[in-house]
Amino acid sequence: MADEQHKPKNSPHVLLFPFPSQGHINPLIQFAKRLLSKGVKTTLVTTIFTSTSILSSHSHSHSNIPIESISDGFDAGGSASAGSSEIYLESFREVGSRSLADLITRLRSEGTAIDAIVYDSFMSWALDVAKEFGIDCGSFVDPDWYSRVSVPGLPELEHWETPSFVQKPGPYPAWSRIVFNQFSNFDRARWVFSNTFYKLEQEVIEWMKTLWPLKVVGPTIPSMYLDRRLEDDNDYGVNLIKPNHNECMEWLNDKPKGSVVYVAFGSYGELGPEQMEEVAWGLKDSELNFLWVVRASEEEKLPKGFVDRKTEKGLVVAWCRQLEVLSHESIGCFVTHCGFNSTLEAISLGVPVVAMPQWTDQITNAKCLEDIWGVGVRVKHDEKGIVRRGNLVSCIKTIMEGEQGVVARRNAKKWRDLTKEAVAEGGSSDKDIDVFVSDLNCSR
């Protein structure tokens, strides 16, 4: 029984604890909104540095979700001030464990009961903290499941099609540990949540349910882009990087329907200078309209004089509201790193893709986008691991102008409709959320 000595009198209360990066925070905020719509109180737990960034963003779409802060050991500068991933992740585990325990103790002392904690699977140590207090836990897995080669329902994967941590774990020791350790204590969690939906990965999900108490609750996309059941849910609510929103929209509004190539490699991805140059000149050589997100920290890698910030054919911005961009009628295709959030967003909004994965699960997501879901094409790398401009242009032209692009667009629209069905009332994901809410109420 969850938190038995501190039973609430009213609605069940769940702490949601994402890994402190935008791509991990936003899906759990969307999960929180779904729970709120079903009468469950939710509180977002994040680091002090991330909380400060969220509160300073002046976004109101998550205002009904209280935020509690814990320390990761780097309260002033977050992970960027740690010096290395190894230092940050170890500090987060040690300091975060103590700080999370202190938070639970404080909330209880104030009379706030906690029925469950849903934690990001990257932070498997959160389960150990919760168990010390007798609180039921659920692990939320945002990346795709394809970290195993022999998965029912998947075609055979070549070595290079497996996630980068499976291929070459050596170059990323800290991240390799956190990726593999997320599976270490699933058997002790009461629930395992995944940001996917049944029809997208039916055979894989059925197999996973034989191993763990899996609930599929995705896609965790704002309701406006799916079933429209949640009022005013038109944005994730968190932008840790300030978007150039008005500039993007004004530029897109001037472009013909389906004419723009949207290019973005996520909030973490970093292209090397040579790869950046090949992408830049590939976009130029395509002679198509393009909107390219290049974070401020990456701008120095652009070829000198490549583009001023706004031209007739191309626009380079530091950040954008990706959902609004992908849903704009001028977008013809999405050149993406294939992070699972971007993958789900493209599928949910019916946008065909040119898949240019970089690391982690992105490589396998790209295979699924092309070979299983049929919504795009994958670029090819040369012997140096670089995507050359000619190959990029060929892939873009295939999607924008070729027969394969017609098929990809048709498939993308099919998946768009299936995502809406999944989250609609009575849909597969909606039913799994209802089961979770029922579990919470029965445990009180």
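1. Let's start with cysteine 338, which is buried, with a relative accessible area of 0%. Here buried means under 20% relative accessible area, exposed means over 50%, and partly exposed lies in between, with a 1.4 Å probe and protein chains only. Cysteine 338 sits in the loop between strand 11 and helix 11. Its phi is positive, about 70°, although cysteine 338 is not a glycine. For background, most residues other than glycine have a negative phi, and most peptide bonds are trans.

2. A word on what you are looking at. This is a predicted model, in which local features need pLDDT of at least 70 and side-chain atom pairs count only at pLDDT 80 or more, while totals for chains, interfaces and linings use all residues. Residues are numbered from 1 along each chain as its sequence is written, and side-chain values use heavy atoms, with hydrogens and water left out.

3. Now the overall picture. The chain has 15 helices and 13 strands; these are DSSP runs numbered from the N terminus, with helices being H or I of at least four residues and strands being E of at least two. Of the 444 residues in the chain, 59% are buried. Among contacts between residues at least 6 apart in sequence, 71% join residues at least 24 apart, where a contact means heavy atoms within 4.5 Å.

4. How many of the residues of helix 11 are buried? Ten of its ten residues are, so helix 11 is mostly covered by the definition of buried given above. Among them are Phe340, Asn341, Glu345 and Leu349. The cover over the buried residues of helix 11 includes helix 1 (22-37), helix 10 (322-326), strand 11 (331-336), strand 12 (353-355), helix 12 (362-372) and helix 14. Glycine 350 follows helix 11, and its phi is positive, near 70°.

5. Helix 11 (residues 340-349) packs against helix 14 (residues 403-423) at an angle of about 95°, with their axes 6 Å apart. Axes are lines fitted to C-alpha atoms, for helices over the stretch in contact, and angles run from 0 to 180 degrees between N-to-C directions. That makes helix 11 roughly perpendicular to helix 14, a label for angles of 65 to 115 degrees; under 35 counts as roughly parallel, over 145 as roughly antiparallel and the rest as oblique. Ile347, Ser348 and Leu349 of helix 11 make the contact with Ala412, Trp415, Arg416 and Thr419 of helix 14. These residues divide into four nonpolar, two polar and one charged. In this scheme Ala, Val, Leu, Ile, Met, Phe, Trp, Tyr, Cys and Pro count as nonpolar, Asp, Glu, Lys and Arg as charged, and the others, Gly among them, as polar.

6. Helix 14 also meets helix 13 (residues 389-401): their axes come within 5 Å and cross at roughly 65°. On the helix 13 side are Thr398, Ile399, Met400 and Glu401, which meet Glu403, Gln404, Gly405, Ala408 and Arg409 in helix 14. By class, this contact has three nonpolar, three polar and three charged residues.

7. What does the count of disulfides come to? The count is zero, a disulfide being a pair of cysteine sulfur atoms within 2.5 Å. The sulfur of cysteine 320 is 5.0 Å from the closest cysteine sulfur, in cysteine 248, which is too far for a bond. Likewise, the sulfur of cysteine 395 is 9.8 Å from its closest cysteine sulfur, in cysteine 333, again too far for a bond. Cysteine 320 is buried, at 5% relative accessible area, and cysteine 395 is buried at 7%.

8. The peptide bond from glycine 218 to proline 219 is cis, with omega near 0°, and proline 219 is placed in the loop between strand 7 (214-216) and helix 8 (245-253). Glutamate 287, a residue other than glycine, has a positive phi near 60°. Glutamate 287 is in the loop between helix 9 (273-286) and strand 9, and at 59% relative accessibility it counts as exposed.

9. Finally, two lysines. Is lysine 304 buried or exposed? Lysine 304 counts as exposed, at 85% relative accessibility, and lies in the loop between strand 9 (289-293) and strand 10 (314-317). Lysine 131, in helix 4 (residues 125-132), is partly exposed, with a relative accessible area of 35%.
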